[in-house]
Amino acid sequence: MEKHEVRLSGSGGQGLLLAGIILAEAAIIDGKNAVQTQSYGPEARGGASKSEVLISDEAIDFPKVRDCDLLLSLTQKSYEQYNHGIKDTGVLILDTSVTVEEGVTNKIYSVPIIDTAAKVLGKPMVTNIVALGAIVEISKIVSYDALEAAVLKRVPKGTEELNKKALALGYEIAKESLTK
Amino acid sequence: MSKKVRLMQGNEACVEGAIAAGMMFYSGYPITPSTEIAEISAERLPRIGGKFIQMEDEIAGIAAAIGASLTGVKTMTATSGPGFSLKQENIGYAAIAEIPIVIVDVQRGGPSTGQPTSPAQGDMMQAKWGTHGDHPVIALCPSSVKETFDLTIKSFNLAEKYRMPVLLMMDEVVGHMREKIEIPDSSEIEIINRKKPTCSAEEYLPFKPEANLVPLMADFGTGYRYHVTGLVHDETGFPSNSTQVADDLIRRLMDKVEVNKADIISWEEENTEDADILIFAYGCVARAAKTAIKMLREKGIKVGLFRPITVWPFPEERLIELSKQVKVIIAPEMNLGQMVLEVERLCNKHTKIERLNKVNGEIIYPEEIIAKIQEVL
């Protein structure tokens with residue numbers, strides 16, 4: 001049985017809830033089961049927020065992450081709050097602004113997600129889509145086709161080209177970090 | 001294509017189920033974690049000719065839904081703990097005036113404003129005892145997105161069939177969780193509508209019960225003029241001070257559920273055939289129990305699950321039967337012991353009962369259930 005437990009974390013307002021929904025939707029398009037849950041404070045923006053996605057070929061009972069295969073953290077605060085329960089084989093995909101304490105044995109990919117959205121594309125609002133591109137390039141947990149279909153289904157009309165570009169850049173910066 | 005596969009949120013599935021059941025009116029006051037039910041109703045209802053009203057508070061939210069139901073439309077309101085408290089008086093009103101309505105409570109940490117964004121199961125006893133006086137209660141408790149869809153339909157069906165308020169007791173995890181759901185074709189969905197009088201308006205006695213103890217219900221505005229009150233009333237609907245009328249009415253209201261229990265009650269069992277340990281769990285906690293059972297069964301430990309789907313009326317008989325078979329019942333709940341009181345009342349003659357309670361705003365994890373089982377074995 002193939003099962004993936006994914007935790008996406010960052011600051012409220014970075015769009016990680018939507019990223020989790022898109023990832024779960026992509027898994028369903030691939031014909032798998034998926035459950036997405038979230039947790040957030042009463043404040044809508046700022047603060048650490050997380051969105052969790054479980055993907056499996058079988059039925060999913062418990063809906064929250066217990067043995068994390070993949071942690072995405074876009075901010076230092078969210079990394080520190082949510083870096084528990086990571087499997088030995090679990091990977092960390094971190095924005096380049098996030099620093100990791102010594103002694104972490106997990107495979108770490110440091111990817112310029114926030115800068116790519118803000119500086120290369122000039123649109124911080126697609127940070128979450130760049131992040132999804134990076135996650136899928138590194139982990140292959142959903143197919144590229146399903147991911148693109150899920151992104152296009154959930155983003156606002158008129159932003160399709162921008163989001164496709166964000167996805168492509170996500171793949172690209174992840175590839176660069178893979179060869180490092 | 002007969003089935004539509006979608007990724008859907010529990011709160012969204014509640015609205016979709018309500019619309020599939022025939023909901024045409026929603027009134028309420030949005031509150032986390034139920035807000036999406038109001039939002040999506042506001043978006044969906046006007047498109048199908050229905051009405052959505054945001055009221056000034058939770059009390060007005062249920063009151064408007066009760067009023068609208070009298071005109072013959074199916075109505076719903078949704079809330080969370082603080083709003084559920086405010087709605088209690090009108091739940092009693094709907095019970096005595098025999099007005100069908102669905103009330104959804106997406107439970108969060110309490111008391112008072114408590115923990116707005118965190119799950120809890122702290123309103124389970126309030127569902128039964130929150131409003132004063134003896135009154136019938138039907139409360140259903142889903143543990144998945146698909147089941148939220150199904151049980152919302154069932155809530156409407158039971159409300160219409162028995163002319164009473166029906167409570168759908170969700171929790172923050174089930175309400176906010178998104179998962180895969182196959183929406184059935186409308187032809188596959190059973191819909192029950194209230195029975196209407198066929199006699200003339202002059203002959204109509206609005207609270208004269210049929211053989212199943214439920215009176216026929218005329219739509220307001222169709223010429224059948226009658227009186228509706230929260231006071232004890234006779235078959236005409238007008239208040240009465242007769243002790244006989246009072247006794248007959250309250251007993252009939254209670255009996256609508258009591259004598260029809262077999263039609264109303266449902267539950268789920270998993271791995272109970274050979275179980276010598278039984279987990280009693282409902283809502284999102286039942287999902288933790290299922291994962292715990294898989295892990296324990298791999299080690300050869302014979303654990304099963306009993307999950308009440310109707311929490312009220314409580315599936316007493318089957319649980320008593322199972323309690324005679326098992327060595328221990330473990331009752332994990334996201335409160336400090338509510339439904340376990342029923343388990344203890346019914347089963348403590350037959351087996352040992354162990355509580356597992358959590359009120360920190362976090363779901364109970366499978367590992368916590370496993371640890372409890374290992375502790376008591």
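The radius of gyration is taken here over C-alpha atoms, and the globule rule is 2.2 Å times the number of residues to the power 0.38. By that rule a compact globule of 180 residues would have a radius of gyration near 16 Å, and the 15 Å of chain A agrees with this. The model is a predicted one. Along the principal axes, the C-alpha atoms of chain A fill a box of roughly 40 × 40 × 40 Å. Buried residues account for 52% of the 180 residues in this chain. Among the contacts in chain A with a separation of 6 or more, 62% are between residues 24 or more positions apart.

Chain A contains six helices and six strands. Along the sequence these follow the pattern β-α-β-β-β-α-β-β-α-α-α-α. In helix α3 of chain A (residues 113-120), the buried residues are I113(A), I114(A), T116(A) and A117(A). Residues three or four places apart in an α-helix point the same way, because the helix has 3.6 residues a turn. The cover over the buried residues of α3(A) includes β5 (86-95), β6 (107-111), α4 (127-139) and α6 (160-178) of chain A. Just after α3(A), G122(A) adopts a positive phi of about 70°.

Between the chains, 18 residues of chain A are in contact with 17 residues of chain B. On the side of chain A that touches chain B, the elements giving two or more residues are α1 (16-29) and β2 (33-39) of chain A. The largest share, six residues, comes from β2(A). By class, this side of chain A has nine nonpolar, five polar and four charged residues. β2(A) is also joined by two bridges to strand β9 of chain B (residues 178-183), and the two strands run antiparallel. Within β9(B), R178(B) stands opposite Q36(A).

The domain assignment of chain B gives domain 1 (4-188) and domain 2 (269-376). Their C-alpha centres lie 26 Å apart. Contacts between the two domains of chain B involve 21 residues of domain 1 and 20 residues of domain 2. On the side of domain 1 that touches domain 2, at least two residues each are supplied by β6 (115-119), α5 (124-129), β7 (138-140), β8 (165-171) and α7 (172-176) of chain B. The most is given by α5(B), with four residues. The residues on this side of domain 1 of chain B divide into 13 nonpolar, six polar and two charged.

Chain B also holds an open sheet of five strands in the order β10-β12-β11-β14-β15, with mixed pairing. The edge strands, each pairing on one side only, are β10 (267-270) and β15 (352-357) of chain B. Neighbouring strands of this sheet are turned by 20° against each other on average, direction ignored. Four bridges pair β10(B) with strand β12 of chain B (residues 303-308) in the antiparallel sense. The bridge partner of E270(B) in β12(B) is L305(B). Helix α10 of chain B (residues 284-298) packs on the sheet, where it touches β10, β11 (277-280), β12 and β14 (328-333) of chain B. The direction of α10(B) makes about 165° with that of β12(B).

Methods. Residues numbered from 1 in each chain as written. Chains lettered and ligands numbered in written order. Predicted model: local features only at pLDDT ≥ 70, side-chain atom pairs only at ≥ 80, totals over all residues. Contact = placed C-beta atoms within 7 Å. Nonpolar A, V, L, I, M, F, W, Y, C, P; charged D, E, K, R; others polar. Pairing = 2+ DSSP bridges. Axes fitted to C-alpha atoms, helices over the stretch in contact; angles between N-to-C directions. Buried ≥ 20, exposed ≤ 12 C-beta atoms within 10 Å, placed from the backbone. Domains from an automatic or database assignment.
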